[in-house]
Amino acid sequence: MTKQHTILYLDGVSVAFDGFKAISNLSLTLGRNEMRAIIGPNGAGKTTMMDIITGKTRPDIGDVYFDGVHDLTRLDEADIANLGVGRKFQKPTVFEMHTVEDNIALSLKSPRGVFAALFDLRSAEAQGRIDDILEMVRLSARRGEKAANLSHGQKQWLEIGMLLAQDPKLLLVDEPVAGMTDAETEETGRLLKKIAQTHSVIVVEHDMHFVRELDVKVTCLHEGSVLSEGSLDFVSSDERVIEVYLGR
Amino acid sequence: MAEATVQPSKTTANRIEIVLIGLGVAALLALPFFVYPIFVMKMMCFALFACAFNLLLGYTGLLSFGHAAFFGGAAYFTAHAVKVWGFPPEIGILTGVAGAALLGLVIGFFAIRRQGIYFAMITLALSQMFFFFCVQASFTGGEDGIQGVPRGTFLGVFDLQNEHTMYYFVAANFLLGLFIVWRIVNSPFGLILRSIRENESRAISLGYSVQNYKLAAFVMSAALAGLAGAIKALVFQFATLTDVAWQMSGEVILMTLLGGIGTMAGPIFGAGFVVALQNMLATSDFPVTIATGLIFMVCVLIFRRGIVGEIYAWLERRRGEKPE
Ligand SMILES: Nc1ncnc2c1ncn2[C@@H]1O[C@H](COP(=O)(O)OP(=O)(O)O)[C@@H](O)[C@H]1O
Ligand SMILES: [Mg+2]
C-alpha cells in the first residue's frame, strides 16, 4: 500500500524509555475503512503504539502519517484529535463526576474553540445525536446518572459512545471487552463491526473469541515490532506466535 | 437546555439554590433597613471576589495565590479614573474591570504553563511584582493610597452619595457578577472547565486546547475579581495597598474554602462569614487573624468540603438513602 492510500502509515518507528525499547522499528499500515485487530503479549507495545499515534508519546525515530498527508510526529495531541483520531483507553477513562449524558455531549464533534463553547447552546440536532448514541451503547436509561456509578462494562461502553460522538476517521480501541460479560462482549463486537463499515478502526484485544468474531486481518506485535500479520488462522498457526503468545 | 436534560443528581442542589437565591435576593433588598448598608456592601464585594476566585479554583481546579492583584489593581484603576480623570462611576468601574482583565491575561499567560504548586507560586510572584509596582508608582499614592474617591452619579441620574442608592447600585452589580459566574459555569464552556479540572489529559485527548481554556477562565476570573475591587473602591471611597497585598490573596482562598469550593453559594457564605467575624472582632481585643485562623483550621479538619459543600453532600446522601 502506498502512503497516499492509507489512513495510517507507520514506518520504522522506534521509541525507548530509559534505554528500554518499547517500540522497535515498527512498520504498519491501515487502509481507509479497514478494521485491524492487534494481538500480542503484555508489554508488546500495543498501548505505546497508540500513544505514538495520538501524539502522547513522541517516537525517537520513524514516520507516522495520518490520511497520507499529516505528519503526526509534528502535531500536538489536541490537533491530532481534531484531525479525526479518537481513542478508547485501555483503562476506561470517562469523566466520573459528569453525568453519562454530559460525557457524550463533551465528546460531540463540534467547534473546539473557547468562544464557540461560551456562546453555543446545545442544538436540537446535537441533542438528537446524543440520544442516538446513548441508545446505541444502551445507556439511555442512565443518562442522568454520574458516570462513576456505572459498572466496569458500562464505562467501557460509555467510552465507546464518546468515541462515536467524536465521529473520528480513525478509532483506536484499546482492550474494549476487558471486564465484560460474554453477552456484552458479543454486543460490543457487533457494534464495532457496524462502526467499521464507515470508519477505520484499530482494536487491541486479548480475547481470541472476540477477535474471531471481528473477522478481520490480524497483526501480532512482540517486543515492539510486528511478529506476524495476516488472517487470524494464518497468524494463530504461526510458530513464533504460538511460542510467544498463544502457547502459554 | 431542554427539560429532558435536567439531571436528577443535580436537582437537589438546584432546588436548594433556587430557594437560597429567592431568600438571598429578598434579604438583599430588605437588609439596608436593618443593618448598616456599608457593612452589607462590604460583604457583597468580598462575596463577589470569592465567587470570581471560585470560578478558577472550584470549577477549573487552578489555585491562584495572586488574586489580590486583580481585586486591588481594579480598585486603584477605578479610583484613579473617577478621581483624576473625572469618569462617571459606570465608566470608572469598566476601567477597573478592563485593567484587571489585562493583568489577568499577563499573569495567566505565564502561570498556566505550570501546574499545581508551581502555578500558585507563579501567580504569587507576579502579583508581588504588581504589589511593588503599586508601592513605587506615583498614581497610587504610595502608603496613603488614593483617598477621597468621589462616588459620582450613575448614568447621570442616580446620586451614589445617597447611602441607599449606593447600596442598591452595589447590589445590582453584585447580582450581575453572580449571574455571569453562574452563566459561565452552566455553559458548555463551564462543562469543559470542569472536565479539565477532573482529568486534564482526557480533555486534551478529546481535542480541547486546554491551555486556551485555562487562560480564558483565568482572565474571566480576574475581570470578575476586578469588578468586586472596583466597586469596593467606590463604596469606601479609597484604594490602598491592603487590597493588593498577598494577605488579601490568602483571605479569598480562606473564604472560598470555608464556604465550599465548586458551589455557587459556598464562597458567598464563606465571605459573609469572614467579613461578619472581622466586624465583630474589630472592637474586641482578640486578634482577628487568630480567630479566622482557628475557625479555618476547625473547618478544614471537620468539614472538608466547606460548610455549604458539607450541607449539599449531606442532602445528597439523604436522597440516596430514600427508596425511590
Ligand atoms: N511511559 C512509559 N515509561 C516507561 N516505560 C513504559 C512507558 N510506557 C510503556 N512502557 C513500557 O513499554 C512496554 C510496552 O508497554 P505497553 O505499550 O503498555 O504494552 P501492551 O499495551 O502491549 O501491553 C512495557 O514494558 C511498559 O512497561
Ligand atoms: Mg496495553
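How much space lies in the largest cavity? The answer, taken from a predicted model, is about 60 Å³.

**View 1. The largest cavity and the residues of chains A and B that line it.** A search of the whole structure finds one cavity of 30 Å³ or more. From chain A, the lining includes A:Thr54, A:Lys56, A:Glu77, A:Ile80 and A:Ala81. A:Val85, A:Arg87 and A:Phe89 also line the cavity, and B:Ser205 joins them from chain B. Helix H2 (77–84) and strand E6 (85–88) of chain A each contribute at least two lining residues. H2(A) provides the largest share, namely three residues. By residue class, the lining comprises four nonpolar, two polar and three charged residues.

**View 2. The second largest pocket, with lining residues from helices of chain B.** This pocket holds about 520 Å³ of space. Its lining consists of 22 residues, and those nearest the centre are B:Thr242, B:Gln247, B:Met248, B:Glu251 and B:Gln278. At least two lining residues come from each of helix H2 (37–60), helix H9 (210–236), helix H10 (246–259), helix H11 (265–282) and helix H12 (288–302) of chain B. The largest share, seven residues, belongs to H10(B). The lining divides into 11 nonpolar, seven polar and four charged residues.

**View 3. The largest nonpolar core and the contacts of B:Phe189.** The largest nonpolar core has 148 residues. The residues with the most contacts inside this core are A:Leu158, B:Met44, B:Phe70, B:Phe189 and B:Tyr213. H9(B) supplies the largest share of this core, 19 residues. A second, separate core has 25 residues, including A:Leu28, A:Met50, A:Phe66 and A:Leu72.

**View 4. A:Asp215, a residue other than glycine with positive phi.** The phi value of A:Asp215 is near 60 degrees. A:Asp215 occupies the loop between helix H8 (208–214) and strand E9 (217–222) of chain A. Is A:Asp215 buried or exposed? A:Asp215 is exposed, because its relative accessible area is 65% and the cut-off for this class is over 50%.

**View 5. B:Gln237, in the loop between H9 and H10 of chain B.** Although B:Gln237 is not a glycine, its phi is positive, at about 60 degrees. The relative accessible area of B:Gln237 is 25%, so this residue is partly exposed.

Note on methods: Residues are numbered from 1 along each chain as its sequence is written. Chains are lettered from A and ligands numbered from 1 in the order in which they are written. This is a predicted model: local features need pLDDT of at least 70, side-chain atom pairs count only at pLDDT 80 or more; totals for chains, interfaces and linings use all residues. Side-chain values use heavy atoms; hydrogens and water are left out. On a 1 Å grid over the protein atoms alone, a cavity is a set of points where a 1.4 Å probe fits but cannot get out, and a pocket is an open set with protein on both sides within 12 Å along at least five of seven lines; lining residues have an atom within 4 Å of a point. Grid points are joined across faces, edges and corners, and a volume is the space filled by probe spheres set on the points. Helices (H or I, at least four residues) and strands (E, at least two) are DSSP runs, numbered from the N terminus. Ala, Val, Leu, Ile, Met, Phe, Trp, Tyr, Cys and Pro count as nonpolar, Asp, Glu, Lys and Arg as charged, and the others, Gly among them, as polar. A nonpolar core is a set of buried Ala, Val, Leu, Ile, Met, Phe, Trp, Tyr and Cys residues joined through side-chain atoms within 4.5 Å. Buried means under 20% relative accessible area, exposed over 50%, partly exposed in between (1.4 Å probe, protein chains only). Contact means heavy atoms within 4.5 Å.
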